[in-house]
Structures are given as C-alpha cells and as structure tokens.
Amino acid sequence: MERQALEAAARKILLSNQRRGVADWNGKEYNFVCPSLVGYPFQWFWDSCFHAIALIHLDPEQAKAEMRTLMSAALPDGFIPHIIFWEMGKQPEFLRHNIVGQISPYYSSTMQPPIIAYAVERIYRATGDEAFRASALPVLTAYYRWLRRVRDPDGDGLIAVIQPEEAGTDCSPKYDDVLGLEELSNLGFITALKKIYAAYAPLRGDDRRILDADIFHLEDVLVNSVYAMGLRSLARLLGTSPDAAEFSREADKTRDALLSKCWDEEAGAFFDLSGVAEAPVKVVTISSLMPLVLEDLPRPIVERLVGQWVTAPRHFWTPYPLPSVPASSPKFLPGNPRGFIWRGPTWINTNWFLSHALWRHGYPDLADTIVAKSHECIEKSGFREYYHPYTAEGLGARNFGWSTLILDM
Ligand code: GLC
C-alpha cells in the first residue's frame with residue numbers, strides 16, 4: 001500500500017474509533033480513540049499512547065487531545081488507570097464479558113506498561129509545543145514516582161505487577177504456572193483470574209499490601225523495559241530541571257536490575273521474576289526480547305537475542321514475525337485462540353517496539369523486514385488486533401486502533 005493510501009486507511013480507523021464528549025460522572029471533557037468500537041469502547045492506557053503516536057503522523061492536535069484526556073484521569077496520588085469508562089452507559093455490556101479490578105465504578109485500579117512519557121516526548125518533539133510539555137510534566141513526574149513508590153517494594157528498580165493484564169500481555173503462557181492455570185483456555189484464564197481478584201477483594205486500593213500478600217507479584221520484563229524507556233523520556237522532557245537526574249538514575253537502575261536479575265546467560269533470554277522471592281519464570285515469550293528497546297543494552301546480549309531468537313525460524317522468525325510466543329514453544333497457538341490472547345499471533349505494537357529497537361542496534365535489514373511484513377498483514381487483512389504468524393490472517397478485534405502504529409514504523 002502506498003503511504004497515502006495507508007494514511008487514509010489509518011485515519012478512517014482512528015476517526016471512527018474517536019470518542020468525544022463530557023463525562024456525566026466527573027464533568028470532564030474527553031477526546032480519545034478507543035481500541036475498537038466492538039469489544040473495547042473505552043480508553044485504555046497503553047493503547048491510547050500508541051494511538052497518540054500514530055496520530056502524530058496525521059493530526060498532532062488530536063495526538064495531544066488523546067494524551068490530555070488520559071492525563072486528566074490521573075488520581076491525586078499519581079496513579080493513572082488502565083481503563084477509563086468515560087461512557088458509563090457501555091459498561092454493563094463490557095462487564096458481562098470481562099472482569100476488571102476496580103475500587104471505583106469509573107475506572108480500573110490496574111496499571112499498564114508505562115509508555116506514556118515516551119508518547120508525550122514524541123508529541124513534544126514533533127510539535128515543539130512548550131505549553132503541552134509544561135502541562136504534562138507534573139502528571140508524568142507524579143505517575144512515575146507513584147510507580148516507584150508503590151510498585152517497587154524491594155527498591156531494586158524493577159516494578160511489579162499484581163495481575164497479568166497489568167503487563168498488557170494478558171494470557172501469555174509465562175503466567176500459566178503463577179496463575180495455577182488448570183484449563184488452557186480463555187475460560188481457564190478467567191477462572192484463575194477470578195480467584196486472584198477474590199483474594200485481593202479485601203486489599204483492593206492498597207497495592208503495597210497486595211504485593212506483600214505475594215499472590216501474583218511479578219517483576220515483568222516487558223513492563224520494566226517499557227518503564228526504563230519511559231523514565232529516559234521523562235528525564236529528557238524535564239531538560240534542565242533538577243528532577244531530570246532522579247529519573248535518569250532510576251532508568252539506569254532499572255536497566256542494571258534487568259541485566260543482573262532477569263538476564264539468564266545459560267538460556268540467552270530475559271525472564272520475569274515471580275514473588276517476593278524473585279524466582280525466575282523460565283518461559284521465553286516476546287517479553288524476553290523486550291530489553292532490546294534499551295539503547296544501552298550490552299552488545300553481546302543484543303547479539304545473542306538477535307542471533308538465537310529473533311532470526312531463528314524455529315523460534316520468532318516465522319513468515320510474519322514476530323509471534324508473541326516462539327514457534328518452538330509447546331504452548332504456541334498460532335491461530336485464533338478465542339480470546340486466549342498473546343499465545344502465538346503477531347501483534348503490531350510489539351513489532352513497532354522491536355523494529356525500532358533493531359534499527360537502533362544496527363540491524364536495518366531485520367527491522368525493514370519486520371516493517372514490510374507488518375505492512376503485508378495490514379494490506380492483506382486490514383487493521384486487526386493480531387495476525388496469524390504463518391498466513392497473515394487477521395484475528396481478534398476489527399478496526400483495531402494500535403495497528404495504525406504502522407504509520408510510525
Ligand atoms: C487486551 C490486550 C491489552 C490491551 C487491551 C485493549 O486486553 O491484552 O494489551 O490494552 O486488550 O486493546
């Protein structure tokens with residue numbers, strides 16, 4: 001597809017998924033793009049950041065509106081929820097099919113991978129809008145401080161998630177054992193999740209107590225790679241402000257902890273750490289490659305990840321790379337797993353992260369191939385939630401917002 005046609009198609013999706021109005025529960029104006037009108041009619045944290053990044057190429061004012069709406073949902077303690085139910089009328093139908101951790105009816109009490117400072121930085125760089133930067137900084141500093149204060153109880157620089165949806169890779173097989181998944185299906189996942197939610201019920205709203213309870217306490221590699229990336233952006237956005245050093249230091253600390261605690265030299269992959277005891281979860285998924293987003297990842301590790309995993313046809317180098325789970329995994333499900341997501345198909349957001357990362361690490365050909373194949377998926381099957389890694393068949397939600405990230409690849 002020519003660039004112009006691609007932009008027109010992306011614009012159509014983003015415009016039709018755009019939601020604007022005034023929320024009747026808080027009187028605030030909202031203006032954002034929902035992931036998909038069918039199934040995902042609200043604002044999701046990391047989706048929103050991806051939409052804003054795509055919108056930079058089409059309508060930078062709308063990109064700012066998207067981020068302003070997300071930031072307007074920040075709570076006084078700094079936390080920003082992963083779902084904001086701006087249009088409450090649509091909630092009952094949604095909750096019939098999904099479970100959400102909530103202490104308020106209007107938003108979730110769940111986090112998502114903290115990419116927000118990077119999205120804001122990109123908008124700022126594209127527009128030079130100082131007022132936008134200035135209004136974002138207090139929200140961003142409060143948010144990243146919240147993450148450190150609440151989600152890093154052992155102070156090692158790695159933040160922890162308390163349930164799998166917080167990492168954005170909901171049903172990834174890397175959580176199976178921690179969840180005690182008995183039935184390998186979406187229903188099995190929901191059943192396991194319900195048990196966790198029930199245990200959390202008396203503790204909801206106090207994430208530190210939830211982490212202490214050590215039920216699902218995961219220092220997740222994808223989340224922490226994105227965290228480090230966000231911290232770097234925030235430090236740059238802060239420029240000469242004295243706060244900049246605080247966030248640079250934190251980014252270094254997170255990178256160092258990923259290297260010293262999550263890197264497994266024998267396996268040649270990064271693994272999540274489970275529980276207060278930090279037991280490595282030795283399951284390779286797309287998350288194991290995510291530290292590639294760190295520009296200062298040591299060269300031998302970059303080469304190992306690329307040589308051993310990314311370019312190996314039996315692992316991630318499928319005809320339409322990069323699958324969310326390597327083809328070699330006994331749990332690899334390349335086709336439509338009926339809601340049992342992140343267990344094989346290829347997603348555009350992880351391809352966006354990793355194609356940029358491979359470019360920066362000096363692999364332009366690999367990056368270009370990932371971009372060309374992502375392009376082919378979209379051309380063949382439209383903007384879908386995810387794609388079959390062998391056939392490019394479109395799967396999951398239709399007219400899916402973040403697949404427009406192709407504009408930024
Ligand atoms: C699914 C994905 C999550 C995403 C959400 C909305 O739950 O796993 O990453 O944010 O859908 O698109």
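1. An N or O atom in the side chain of Asp170 comes 2.6 Å from an oxygen atom of the ligand. On its own the ligand exposes 310 Å², and the protein buries 95% of that (accessible areas come from the Shrake-Rupley method with a 1.4 Å probe).

2. Before going on, keep in mind that this is a predicted model, where local features need pLDDT of at least 70, side-chain atom pairs count only at pLDDT 80 or more, and totals for chains, interfaces and linings use all residues. Residues are numbered from 1 along each chain as its sequence is written, and side-chain values use heavy atoms, with hydrogens and water left out.

3. Trp342 turns up again, in a stacked aromatic pair with Trp347: 3.8 Å centre to centre and 0 degrees between the planes. (Rings of Phe, Tyr and Trp, the last by its six-membered ring, pair if their centres lie within 6.5 Å; planes under 30 degrees apart are stacked, over 60 edge-to-face, the rest tilted.) Both Trp342 and Trp347 are buried, meaning under 20% relative accessible area, with exposed over 50% and partly exposed in between (1.4 Å probe, protein chains only).

4. The count of aromatic pairs comes to 29. One of them is Phe50 with Phe353, edge-to-face at 5.8 Å centre to centre and 80 degrees between the planes. This pair links distant parts of the chain, Phe50 in helix H2 (residues 45–55) and Phe353 in helix H13 (residues 348–360), 303 residues apart; helices (H or I, at least four residues) and strands (E, at least two) are DSSP runs numbered from the N terminus. Phe50 counts as buried because its relative accessibility is 0%, and Phe353 does so at 2%.

5. Now the charges: the structure holds 31 salt bridges (a side-chain nitrogen of Lys or Arg within 4 Å of a carboxyl oxygen of Asp or Glu). Arg236 and Glu121 meet in one, 2.6 Å from N to O. Arg236 sits in helix H10 (residues 221–238) and Glu121 in helix H5 (residues 116–127), 115 residues apart. Arg236 is partly exposed at 41% relative accessible area, whereas Glu121 is buried at 6%.

6. Which residue forms a salt bridge with Lys174? That would be Asp220, with the closest N and O atoms 2.9 Å apart. Asp220 is buried at 0% relative accessibility, and Lys174 is buried at 3%.

Definitions and conventions: A polar contact is a pair of N or O atoms within 3.5 Å; within protein, one must be able to donate a hydrogen and the other to accept it, and residues adjacent in sequence count only if both atoms are side-chain atoms.
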